[in-house]
Amino acid sequence: MYKYREIPTESAQSLKHMIKSTFFQQLGRCVVSESLFDQVPDIVHFVKDIEGRYVSVNKTLARRLGFEDKDELIGKKAHEVFPSPLGDGFSAQDSNILKTGAGIHARLELHIYPNGKQGWCLTYKEPLFNEQKKAVGICGISRDIHAPSEERDDLAILQKVIIHIRNNVEQPLRLPELAEMAGLSVYQLDQRIRNLHQISAGQFITQTRIEKACNLLRCTSKSIAETALECGYSDQSAFSRQFKQTTGVTPKAYRQEVH
């Protein structure tokens, strides 16, 4: 069993306190969610600073990583407490969020913990900004998927389809072809995505395209026409209508708001 341990010292405790207090001071506001998430055993909650060090975690994360006291995690990084390559992958994911300013929402992931526990979850992460609108860290949760009627292999197949959608939003994404990829009927695929994301398969495709469009409009200088093509819309007018229907503003207005 992989378990990270160190002998606590007075100086180590002082360093943990400094890391935590310094982070929340620059954030300019207090995050009070830690004690709340301590009461929810099927959700992992964490806050990390710009260096990727944990500054706040809930009891569930500490327990699954084999720590008796959650404060033992403060100041450590993902690659120090998760087995490789999982920890390195989390760090790379965090770096991309801090670089682009784009969070991740309801991403299906299989987590494997050092204490032997593993399971599917939906992960949400968002960058945290200080009062000068500079990214200073990340907060996130991973919610366990409770699906007693689903076998783990079914979730792995569904993950394959979801990853294909996310990696190919610029291509036509036809439900019959996606269902065939998963060895399911269109109805079965739609029901599994509804159970997981609370939206239909078609809505999930639209959501994925609009999320990518938001990232491109916020983080690049690509034209709206180029953005439409990269997100699977051959018609700029159709893209603009869908974007406004989904977000409430036009692509142009969205870009002006976030810049």
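Strand S1 (43-49) gives the largest share of the lining of the largest cavity, 3 residues. Strands here are DSSP runs of E, at least two residues, helices are runs of H or I, at least four, and both are numbered from the N terminus. S3 and S4 also give two or more residues each to that lining. Nearest the cavity's centre you'll find Phe-46, Phe-82, Phe-90, His-111 and Ser-142.

This is a predicted model, where local features need pLDDT of at least 70 and side-chain atom pairs pLDDT 80 or more, while totals for chains, interfaces and linings use all residues. Residues are numbered from 1 along each chain, and side-chain values use heavy atoms, without hydrogens and water.

On a 1 Å grid over the protein atoms alone, a cavity is a set of points where a 1.4 Å probe fits but cannot get out; a pocket is an open set with protein on both sides within 12 Å along at least five of seven lines; lining residues have an atom within 4 Å of a point.

| Space | Volume | Lining |
|---|---|---|
| Largest cavity | about 110 Å³ | 13 residues |
| Largest pocket | about 710 Å³ | 28 residues |

Now for the pocket: Ala-102, Gly-103, Glu-211, Lys-212 and Asn-215 lie nearest its centre. Which helix gives the most to the lining of the largest pocket? That's H9, with 8 residues. Helix H5 (86-100) and helix H6 (152-167) are among the other elements that each supply at least two.

Definitions and conventions
Points joined across faces, edges and corners; volume = space filled by probe spheres on them.
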